[in-house]
Amino acid sequence: HSQSQSINPKEMLIKGCMDLVQSEGMDPLIWISSLPLTPSALSQSSVFMPDREDLVAEACKSLANLCPLLLSDLASSSGSAKWAISVLESLDRMLDTGDEDTSDGADQEVSSDFGIDALKGIGALAEYEPLKIKIVDQTIAKLLQLKSLSRDTGDVSNAANQVLLSLGFTE
């Protein structure tokens with residue numbers, strides 16, 4: 001217990017994140033983030049099922065928050081940077097989640113949150129030169145569409161603009 005007090009909180013966070021990456025913890029996060037948001041037959045059963053949207057949202061948020069770490073020198077030297085492409089693919093799918101036609105305002109809000117988290121992660125990955133071309137190829141149409149949104153989605157529009165700026169595009 002006294003050993004954990006000698007490590008500062010930032011070092012503990014980095015160590016925890018690196019342990020997650022190195023212990024095959026990324027596969028489950030990526031898998032959960034790719035779950036469809038539509039209800040399944042299991043959700044109607046009497047067995048307790050965790051809320052799918054909450055799980056997907058938390059997985060997306062976790063992946064987005066890990067992005068800067070995946071590009072760090074520590075990740076590069078440990079071989080953990082290899083996850084950057086898989087995380088990009090997953091975050092890109094989250095942008096597609098926001099495109100789904102939803103009639104319920106709450107669903108749209110969740111999609112907006114997914115979009116903001118996904119865009120933050122993609123923005124962090126856009127700082128990594130080798131990924132820039134892949135990000136542009138894969139997301140430019142979505143980024144431009146999201147940037148042009150203004151009604152009730154100013155945060156999404158701003159996040160998309162930040163990614164475009166990280167990629168070297170100017171207004």
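Guide: A helix here is a DSSP run of H or I with at least four residues, and a strand is a run of E with at least two, both numbered from the N terminus. By that rule, the chain has 9 helices and 0 strands. The model is predicted: local features need pLDDT of at least 70 and side-chain atom pairs count only at pLDDT 80 or more, whereas totals for chains, interfaces and linings use all residues. Residues are numbered from 1 along each chain as its sequence is written, and side-chain values use heavy atoms, leaving out hydrogens and water.

Visitor: What pattern does the chain follow along the sequence?

Guide: The pattern is α-α-α-α-α-α-α-α-α.

Visitor: What share of the contacts with a separation of 6 or more joins residues 24 or more positions apart?

Guide: That share is 70%, where contact means heavy atoms within 4.5 Å.

Visitor: What makes α3 oblique to α4?

Guide: The axes of α3 (residues 26–33) and α4 (residues 52–70) come within 8 Å and cross at roughly 130°. Axes are lines fitted to C-alpha atoms, for helices over the stretch in contact, and angles between N-to-C directions run from 0 to 180 degrees. Angles under 35 degrees count as roughly parallel, 65 to 115 as roughly perpendicular, over 145 as roughly antiparallel, and the rest as oblique. The angle of roughly 130° falls in the remaining class, and therefore α3 is oblique to α4. The crossing is left-handed, a term used if the near helix is turned anticlockwise from the far one by less than a right angle, clockwise being right-handed.

Visitor: Which residues make the contact of α3 with α4, and how do they divide by class?

Guide: From α3 come M26, L29, I30, I32 and S33, and from α4 come L55, V56, A59, C60, S62, L63, L66 and L70. They divide into 11 nonpolar, 2 polar and no charged residues. Ala, Val, Leu, Ile, Met, Phe, Trp, Tyr, Cys and Pro count as nonpolar, Asp, Glu, Lys and Arg as charged, and the others, Gly among them, as polar.

Visitor: Why are α2 and α4 called roughly perpendicular?

Guide: α2 (residues 9–22) packs on α4 at about 100°, with the axes 11 Å apart. This angle lies in the perpendicular range, hence the term. I14, C17, M18, L20 and V21 of α2 meet L66, L69 and L70 of α4, giving 8 nonpolar, no polar and no charged residues.

Visitor: What makes α8 roughly antiparallel to α9?

Guide: α8 (residues 129–148) and α9 (residues 154–166) pack at about 150° with their axes 9 Å apart. The angle is past the antiparallel cut-off, so α8 is roughly antiparallel to α9. Their crossing is left-handed. In α8, K132, I140, L143, L144, L146 and K147 meet V156, S157, A160, N161, V163, L164 and S166 in α9. The classes are 8 nonpolar, 3 polar and 2 charged.

Visitor: How do you know whether L144 is buried or partly exposed?

Guide: The relative accessibility of L144 in α8 is 48%, so this residue counts as partly exposed. L144 and N161 are 17 residues apart in sequence and 8.1 Å apart in space, C-alpha to C-alpha.

Visitor: Why is K142 called buried?

Guide: K142, also in α8, has a relative accessible area of 16%, which is below the cut-off, so K142 is buried. Beyond neighbours within four places in sequence, K142 is in contact with D92, L95 and D96.

Visitor: What makes V156 buried?

Guide: V156 lies in α9, and its relative accessible area of 5% places V156 among buried residues. Leaving aside neighbours within four places in sequence, V156 contacts S112, I116, L119 and L146. V156 and L119 are 37 residues apart in sequence and 7.9 Å apart in space, C-alpha to C-alpha.

Visitor: How do you know that L88 is buried?

Guide: L88, in α6 (residues 84–97), has a relative accessible area of 0% and is therefore buried. Not counting residues up to four places away in sequence, L88 touches I122, L125, L131, K134 and I135.

Notes:
Buried < 20%, exposed > 50% of the residue type's maximum accessible area, 1.4 Å probe, protein only.
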